[in-house]
Amino acid sequence: MEQHRTLSGGPTLMKQYQHAFVIGRFLPPHIGHLSMIQFANQFAERTTVLVEQEDNEAIDVDQRVQWLKQSVRESEVTVLPLYGSQPASPPADPVAAAAFW
């Protein structure tokens with residue numbers, strides 16, 4: 001495993017995982033979101049940030065993707081839109097919940 005610097009330029013850390021995912025609406029992106037992405041990236045060789053889209057949102061998903069790309073410029077972080085409405089939680093029915101996950 002390679003050693004890398006954190007996004008903030010802090011001490012080097014051993015990367016424990018190959019890939020991290022950060023999923024959210026980022027409506028709008030803020031410092032807490034950036035901290036969460038930084039935290040995930042400290043432990044993974046690469047990090048994918050998926051920006052969810054919900055119907056009738058005030059800020060377009062593509063705009064939020066651009067904002068995050070401008071804010072997180074690390075080469076091992078990829079920011080992508082996730083088009084289509086995603087359910088917030090699984091159904092109550094156990095069989096349907098199993099299919100959900």
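A58 lies in the loop between β4 and α2. At 84% relative accessibility, A58 counts as exposed; exposed means over 50% relative accessible area, buried under 20%, and partly exposed in between (1.4 Å probe, protein chains only). A58 and L27 are 31 residues apart in sequence, yet their C-alpha atoms are 8.5 Å apart in space. This is a predicted model: local features need pLDDT of at least 70, side-chain atom pairs count only at pLDDT 80 or more, and totals for chains, interfaces and linings use all residues. Residues are numbered from 1 along each chain as its sequence is written, and side-chain values use heavy atoms, with hydrogens and water left out.

**Overall layout**

- The protein chain has 3 helices and 5 strands. Helices (H or I, at least four residues) and strands (E, at least two) are DSSP runs, numbered from the N terminus.
- From the N terminus on, the elements run β-β-β-α-β-α-β-α.
- Of the 101 residues of the protein chain, 29% count as buried.
- Take the contacts between residues at least 6 apart in sequence: 63% join residues at least 24 apart. Contact means heavy atoms within 4.5 Å.

**The sheet**

- Three strands form an open sheet with parallel pairing, in the order β3-β4-β5. Two strands pair if DSSP finds at least two bridges between them.
- β3 (17-24) and β5 (77-82) are the edge strands; each has a single partner, so one side of each is left without a neighbour in the sheet.
- From one strand to the next, the twist averages 20 degrees.
- α1 packs on this sheet and touches β3, β4 and β5. The direction of α1 makes about 150 degrees with that of β4. Axes are lines fitted to C-alpha atoms, for helices over the stretch in contact, and angles run from 0 to 180 degrees between N-to-C directions.
- β3 and β4 run parallel, joined by 7 bridges. G24 stands opposite V51 in β4.
- β4 (residues 44-52) and β5 also run parallel, with 6 bridges. T48 stands opposite T78 in β5.

**Helix α1**

- α1 (residues 31-43) has 13 residues. It reaches 19 Å from first C-alpha to last, close to the 18 Å expected at 1.5 Å a residue. The expected span is 1.5 Å times one less than the number of residues.
- Its buried residues are H33, I37, A40, N41 and Q42.
- β3, α1 and β4 make a right-handed β-α-β unit. Right-handed means that, with the strands pointing away from the viewer, the path from the first strand over the helix to the second runs clockwise.

**The core**

- The largest nonpolar core has 14 residues, of which F26, I37, V49, V51, L68 and V79 touch the most other members. Such a core is a set of buried Ala, Val, Leu, Ile, Met, Phe, Trp, Tyr and Cys residues joined through side-chain atoms within 4.5 Å.
- β3, α1, β4, α2 (61-71) and β5 each supply at least two residues of this core.
- Beyond its neighbours within four places in sequence, V51 contacts residues including G24, F26, L68 and V79.

**Loop details**

- F26 is in the loop between β3 and α1. F26 is buried, with a relative accessible area of 2%. Its phi is near 50 degrees, a positive value in a residue other than glycine.
- P28 is found in the loop between β3 and α1. The peptide bond from L27 to P28 is cis, with omega near -5 degrees.
- N56 lies in the loop between β4 and α2. N56 is not a glycine, yet has a positive phi of about 60 degrees. At 82% relative accessibility, N56 counts as exposed.
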